[in-house]
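Colleague: I'd like to learn how to read rings and pockets in a model like this. Could you walk me through it?

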Amino acid sequence: MEYTLTKQMIMLLLNAARNNKLDRLTIEEPYFHKTILDIELKDDDYLVSLRGKSTFDHCSQMENYCHASDIPGFTDYKGCLISSGLIPFDNWDEFTEWIEYLYRTETDPTLSSRSVFLSIDSNLAYFRFISRRFPIKTKSGTIEAKDFDYLLSSIVEEEIDHHIRDKYRDSDLKMMGMYTKIGDIRYNFRNRGKLMTRKAKFATQELSYLRSKLNAARIKGNPSKTDSEKNDIRIVESLERFSWTRNIVASLISADRNMGSHAENSEIPYFVLEIPHSIDRQHEVSSEVILNLLHDLALTFGAIKIPEIQVTLFGIWGGKTDQDYRDESVQAWVNPGSVLKDSIKRDMDVIESIIPPY
């Protein structure tokens, strides 16, 4: 049985697992069937146990696989942990103080008469920073994303859009089946986006959020096709020009130290978030983080398996629409022998009777 579930509807699977007295689920990647994390279902939250870098060491035979770089590795896994909100940035406390100061600058005319605009570079789009890290709790209150205005560089847009191009061909899938255990799920991968394409489409949703939900102003820039460092400089230069011509404060948030140096040289307020290098093995998180995590892993890895309930969550499948990307949907394949099949079918019948198809 196949069901298309929005990110919020993934909760149906977790609730059904609880109702069937299951208190622990494991998540497997599809290429080598390795467990990449465990989820303990607690009363109101979830305890996630992570796996280390060695889990993603590919077999030596992968050297023969011409597209080995398209098999997600530890860096991609870590990206999902960050984008989902499961692990914090190392200097998060310092960031909250910085953003609180900008907020005071924005709201207190005695500090500044100029409006504050936030801008991000491409790496934070991949981490879904604005849409998922706000609201931010500070010492004096809570700051919402809508409390600021935003700028979006066309260079950032083009850098991300440049990676939306490659799809799996039949020959790719044949090769993948020779050197991994991907098996029958290859059918859902056919003519779907490869790893970089999937990640770029994921980042595109952050840009859409900035444009549609936060009315970000678009700044035109002239991108370099070959030099990302030049692009960083041009992004900062465009922010500098915009801030001078519009008499506003353009502030940049990045996870790239070089970008911070460029901003400092242009006297642009900036903050560089530090990617965590050492990660705790266990994390107690909310349902929102778990739903983000399951979606992000399914999209990045193409699919993930939950053996205890005999369910596979696909992040890519034939017929996936732009609306599915906006809803952060997955396709759930429920094995006919799954203990959850009856309860999931009942819940889905109820939902489909209430919500008309789009």
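Colleague: Let's start with Trp 92 and Phe 129: are they buried or exposed?

Modeller: This is a predicted model, and in it Trp 92 and Phe 129 are both buried.

Colleague: How many aromatic pairs are there by this rule?

Modeller: The count comes to 17. Trp 92 and Phe 129 make an edge-to-face pair, with 6.2 Å centre to centre and 70° between the planes. Planes over 60 degrees apart count as edge-to-face.

Colleague: And what does the pair tie together?

Modeller: Trp 92 sits in helix H3 (residues 92-107) and Phe 129 in helix H5 (residues 129-133), so the pair links parts that are 37 residues apart in sequence. Both rings also belong to one aromatic cluster, along with Phe 89, Phe 95, Trp 98, Phe 127, Phe 134 and Phe 271.

Colleague: Which residue lies over the face of Trp 92?

Modeller: Arg 133, at 5.9 Å from the ring centre. Elsewhere, Lys 320 lies over the face of Tyr 325, at 4.0 Å from the ring centre.

Colleague: Now pockets. What's the general idea?

Modeller: You roll a probe the size of a water molecule over the atoms, and that shows where empty space is left. Here the largest pocket holds about 810 Å³ of space.

Methods
Residues numbered from 1 in each chain as written. Predicted model: local features only at pLDDT ≥ 70, side-chain atom pairs only at ≥ 80, totals over all residues. Heavy atoms only, no water. 1 Å grid on protein atoms, 1.4 Å probe; cavity = no way out; pocket = protein on both sides within 12 Å on 5 of 7 lines; lining within 4 Å. Points joined across faces, edges and corners; volume = space filled by probe spheres on them. Phe/Tyr/Trp six-rings, centres within 6.5 Å; stacked < 30°, edge-to-face > 60°. Helix = DSSP H or I, 4+ residues; strand = E, 2+ residues; numbered from the N terminus. Buried < 20%, exposed > 50% of the residue type's maximum accessible area, 1.4 Å probe, protein only. Lys NZ or Arg CZ within 6 Å of the ring centre and 35° of its normal.
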